[in-house]
Amino acid sequence: MISRMAMSLASCTVAVLVLSLACVTPGFAAESPLRGSVDGAVPLAEAAQPIGAEEPATLESVGEPIPDGTADSPLLENTSGRACVIDQAELLDAEEKARLDEACRKIYDTYGVLVAVVTVNDFGGGDIMDWQIRVFKEDPFEMRAQDGVMLAVSTSERDWGIQTFGGAQRAFNTYGRERIGGIVVESLSDEDYYGAFDDFVKLSERFLKEAEKGKPYSSEHPYRKSVPIWIIVAISFVASLVVSLGIVSSWKKSMNTQVRRSGAEEYLKPGSFHLTRSSDVFLYHTVSRTPKPKSNSGSGNGNGGSSMHSTSSGTSGKF
Amino acid sequence: MDFVEYKCPCCGAALKFSSGAQKLKCDSCGNKYDVAALEEWREAEQDTSEPELHWEYQKEAQGAKRTADGKYVCPSCAAEIEVDEDTVSTKCPYCDNVVVIKATASGEFEPDFMIPFQVEAGDARQRLENFCRGKRLLPRDFKNRSYLKNMKGYYVPYWLFDCDARADMSFRATRTRTWSDSEYNYVDTSHYLVHRGGEMEFYHVPVDGSTEMDDKTTESIEPFDYGGIKDFNPAYLAGYETDKYDVDARKAEVRAKERLYNTAEAALRNTVAGYDGLVVKRRQMGARSGKISYALFPVWLFETIYDKKKYQFAINGQTGRMVGELPVDKGAYWKYLCGFTALGTAVCSLIGILLFGGVL
């Protein structure tokens, strides 16, 4: 009997927990992370294609004809040797930059994919994704990587872009880039640059890990933002406490079956009740009105809101 | 000549008769009222008294037939038995014969009706054991206590109230309509005065006439099946304990009225429909053919004291309905609460971490 109660307790509590966590987990119930904010150029359904069906983004195949970056002055100057993080816009302090760089190198060592973060004050206009391709070709990172994913941020026009190269497109398909972009742009909009880059690096590792298992994230296999363990434990505790209180209180209630009666319905002779008077008299009416709450839709966060659009190998937008 | 001042039901301001509209008009809030509606309103406002329900009680006219010394001789062994003045029947301590104390079981205290026991002692004991079975919060040492042996069959004195009742009630009712435009939400509330009157017959509404019995207990074991009711016959008392009433009919009336009012209000309320809000403004109840009867109803009773608190259990001696309050083992309560919470937290955290913690 107790095991049956424990089973019902567990199932009730699990149901409450799943519902609670589903509410606090963005993208769990509805996995389209960019509701209404993605340009129509490449619909999300594209990600439903079989893995590898997307055209791999080689340096020659993506976007407009690529000018040879080496012909003019280099697009990015890197004076610190091999580095995955080039912060020309100086959005990071030295310690933050070192931490990110170390994380990127570990990923490169593990997966052979360059995860790069680039910031500039002004990338020169045009499409930031084309600029990223040229940067990758110049290889200011001195990593000589063939496969990579790059997050670039230009502060003057508040542009950002995620571009993939070579085999990395398998892990960072359109769904993946838009999902990562959707998370990263929140921190960028708040001007939490380190937070944005840290999220990008960690998410990149997560996406690469999943791709290595043979099931890269896609609309059929969506990425779920992980919930901190303390939140899971706290919700589990509260849900369990509520369900347990319900069970034990019902046991306690069953210990007392005394209930005082309020009426005497059982002693009313059947069919003896009949109405002798019935009238409804209208007296007056009152009308009250309350102002409707004003909605602040369309004002965004003062930066004009964020936007995003995708091509076959890159995703970019404003923050 | 008396002048009547009509006040606005909405704002309380004085009303004036508008000859053009042929209605009474309020200059303060602008509402207009039919004269007939105002009359009904005024009637409901003024008549707020709740006239008493009156029952006739035949027994009060009869004289007392009690012995003075309170001692009786057992008809079986001729031993002298001492009983207190409330005792109607008892067991002779010498020959174990059940003795009906005829002097008190007649006259003023002779019941009109009774329902004989139909549930056997063994059956009652089994019902109590079943009631305790499966109660995880019941203290372990309580189950084996002597209360099971202290079970007694007991005829509980009840007053039965009969009447043809007339109820008249007024309600303030509201009906609301809402709509919106681009800037405001509107609520239009229409106010009504609703009258309902009805007649109904009540038969043998029981009220416990013993202070020994907890009223909550005696009402919980209701209802009795009046199909089995019989005229009082002392022979049915043999083998059971019986006390005369110590709550007189007039005192018991208070509780009877309360129950009748509640039932009448519920019956009349059920006839009012189509409103969003309903508040009782006035209620009146009167009774014709009111009659009070005195009856003895069978109850199996168990009493025990556990942890300095008295616990009373009762079984309807006719229908077998069991009621009572069992003690709660606080240690077991907290043990189960903490145990379930800990178990639930562990299981749910594990599942939550697997599903949402990024492990899978």
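Here are some worked exercises on a predicted model with chains A and B.

**Exercise 1. Is A:Val149 buried or exposed, and which residues surround it?**

Step 1. Start with the location: A:Val149 is found in strand E3 of chain A, which covers residues 148–154.

Step 2. Next, count neighbours. A residue is buried if 20 or more other C-beta atoms lie within 10 Å of its own. A:Val149 has 30 C-beta neighbours inside 10 Å, so A:Val149 counts as buried.

Step 3. Now look for contacts beyond four places in sequence. A:Val149 touches A:Val113, A:Val115, A:Ile162, A:Thr164, A:Ala168, A:Phe172 and A:Ser204.

**Exercise 2. How many residues of E3(A) are buried, and which way do they point?**

Step 1. Of the 7 residues in E3(A), 7 are buried, and the strand is mostly covered.

Step 2. Sort them by direction. A:Val149, A:Leu151 and A:Val153 point one way, while A:Gly148, A:Met150, A:Ala152 and A:Ser154 point the other way.

Step 3. Look for the strand that pairs with E3(A). Strand E2 of chain A (residues 114–120) runs parallel to E3(A) and is joined to it by 7 bridges. Within this pairing, A:Val115 has A:Val149 as its bridge partner.

**Exercise 3. Which elements of chain A touch chain B?**

Step 1. Begin with the totals: 62 residues from chain A and 70 residues from chain B take part in the contact.

Step 2. On the chain A side, the elements that give two or more residues are helix H1 (2–24), H6 and strand E5 (274–291). E5(A) gives the most, with 18 residues.

Step 3. Divide the chain A side by residue kind: 31 are nonpolar, 20 polar and 11 charged.

Step 4. Follow E5(A) across to the other chain. E5(A) runs antiparallel to strand E10 of chain B (residues 184–208), and 16 bridges join the two. One place to look is A:Ser278, which stands opposite B:Arg196 in E10(B).

**Exercise 4. At what angle do H6(A) and H5(B) pack?**

Step 1. An α-helix has 3.6 residues a turn, so residues three or four places apart point the same way.

Step 2. Read the packing with helix H5 of chain B (residues 330–356): the angle is about 145° and the axes are 7 Å apart. The crossing of H6(A) and H5(B) is right-handed.

Step 3. Check the residues in this contact: 17 are nonpolar, 8 polar and 1 charged.

**Exercise 5. Which strands do the buried residues of H4(B) pack against?**

Step 1. Helix H4 of chain B (residues 249–269) has 21 residues and reaches 29 Å from first C-alpha to last, close to the 30 Å expected.

Step 2. Among the buried residues of H4(B) are B:Ala252, B:Arg255, B:Leu260, B:Tyr261 and B:Leu268.

Step 3. The buried residues of H4(B) pack against strands E9 (152–180), E10 and E13 (277–306) of chain B.

Note on methods. Residues numbered from 1 in each chain as written. Chains lettered and ligands numbered in written order. Predicted model: local features only at pLDDT ≥ 70, side-chain atom pairs only at ≥ 80, totals over all residues. Contact = placed C-beta atoms within 7 Å. Helix = DSSP H or I, 4+ residues; strand = E, 2+ residues; numbered from the N terminus. Nonpolar A, V, L, I, M, F, W, Y, C, P; charged D, E, K, R; others polar. Pairing = 2+ DSSP bridges. Buried ≥ 20, exposed ≤ 12 C-beta atoms within 10 Å, placed from the backbone. Axes fitted to C-alpha atoms, helices over the stretch in contact; angles between N-to-C directions. Left-handed = near helix turned anticlockwise from the far one by under 90°. Expected span 1.5 Å × (residues − 1).
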